[in-house]
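Here is a short briefing on one protein chain. Please look through the sequence and the model before reading on.

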Amino acid sequence: MGRNNPKNIKAHNDKLHKEQNKEKNKKVVRKEKLKEIVRKFNESKE
């Protein structure tokens with residue numbers, strides 16, 4: 001039995017994609033928070 005059987009490859013890819021999705025979500029949340037902060041700053045400036 002080799003290491004690169006379909007079951008192991010699928011498990012690895014699922015884990016990898018889960019981590020990549022977490023990173024994407026963090027970036028999205030960070031951008032939204034930044035937009036909110038900028039919006040509040042601009043409102044308080046006026």
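In which helix is the place of Arg30? Arg30 sits in helix H1, which covers residues 6-45. The model is a predicted one. The protein has one helix and zero strands.

**Overall build**
- The C-alpha trace spans about 70 × 10 × 5 Å along its principal axes.
- The protein has 46 residues, and buried residues make up 0% of them.
- Its accessible surface comes to about 5,000 Å².
- Carbon and sulfur atoms account for 55% of that surface.

**Charge**
- The side chains include 16 positive and 7 negative ones.
- The centres of these two sets lie 9 Å apart.
- A patch of positive charge lies on the surface, formed by Lys27, Arg30, Lys31 and Lys35.
- Is Arg30, a member of this patch, buried or exposed? Arg30 counts as exposed because its relative accessibility is 54%, and the cut-off for exposed is over 50%.

**Salt bridges**
- Side chains of opposite charge can pair when their charged atoms come close.
- How many salt bridges does the protein have? The count comes to four. Three of them are described below, among them the pair Lys22 and Glu19.

*Glu19 and Lys22*
- Lys22 forms a salt bridge with Glu19.
- Their closest N and O atoms are 3.7 Å apart.
- Both residues lie in helix H1, three residues apart. That spacing is about one turn of the helix.
- Lys22 has a relative accessible area of 42%, so Lys22 is partly exposed.
- Glu19 also has a relative accessible area of 42% and is partly exposed.

*Glu23 and Lys26*
- The side chains of Lys26 and Glu23 meet in a salt bridge, with 3.9 Å from N to O.
- What separates Lys26 and Glu23 along helix H1? About one helical turn separates them, because they are three residues apart in helix H1.
- Lys26 is partly exposed, at 47% relative accessibility.
- Glu23 is partly exposed as well, at 43%.

*Glu36 and Arg39*
- Glu36 pairs with Arg39 in a salt bridge.
- The closest N and O atoms of Glu36 and Arg39 are 2.9 Å apart.
- Helix H1 holds both residues, three residues apart, or about one turn of the helix.
- Glu36 counts as partly exposed because its relative accessibility is 35%.
- Arg39 has a relative accessible area of 44%, so Arg39 is partly exposed.

- Lys40 lies in helix H1.
- Is Lys40 buried or exposed? Lys40 is exposed, because its relative accessible area is 52%.
- Asp14 is 26 residues from Lys40 along the chain, and 39 Å separates their C-alpha atoms.
- Leu34 is found in helix H1.
- Leu34 counts as exposed, at 53% relative accessibility.
- Lys18 and Leu34 are 16 residues apart in sequence. In space they are 24 Å apart, C-alpha to C-alpha.

**In brief**
- One helix and zero strands make up the count for this predicted model.
- Buried residues come to 0%.
- Lys27, Arg30, Lys31 and Lys35 gather in the positive patch.

Note on methods
Residues numbered from 1 in each chain as written. Predicted model: local features only at pLDDT ≥ 70, side-chain atom pairs only at ≥ 80, totals over all residues. Heavy atoms only, no water. Patch = residues over 30% accessible without salt bridge, like charges linked within 9 Å, V, L, I, M, F, W, Y side chains within 5 Å. Areas by Shrake-Rupley, 256 points an atom, 1.4 Å probe, with all protein chains shown as cover. Lys, Arg positive; Asp, Glu negative; His and termini not counted. Charge placed at Lys NZ, Arg CZ, Asp CG, Glu CD. Helix = DSSP H or I, 4+ residues; strand = E, 2+ residues; numbered from the N terminus. Buried < 20%, exposed > 50% of the residue type's maximum accessible area, 1.4 Å probe, protein only.
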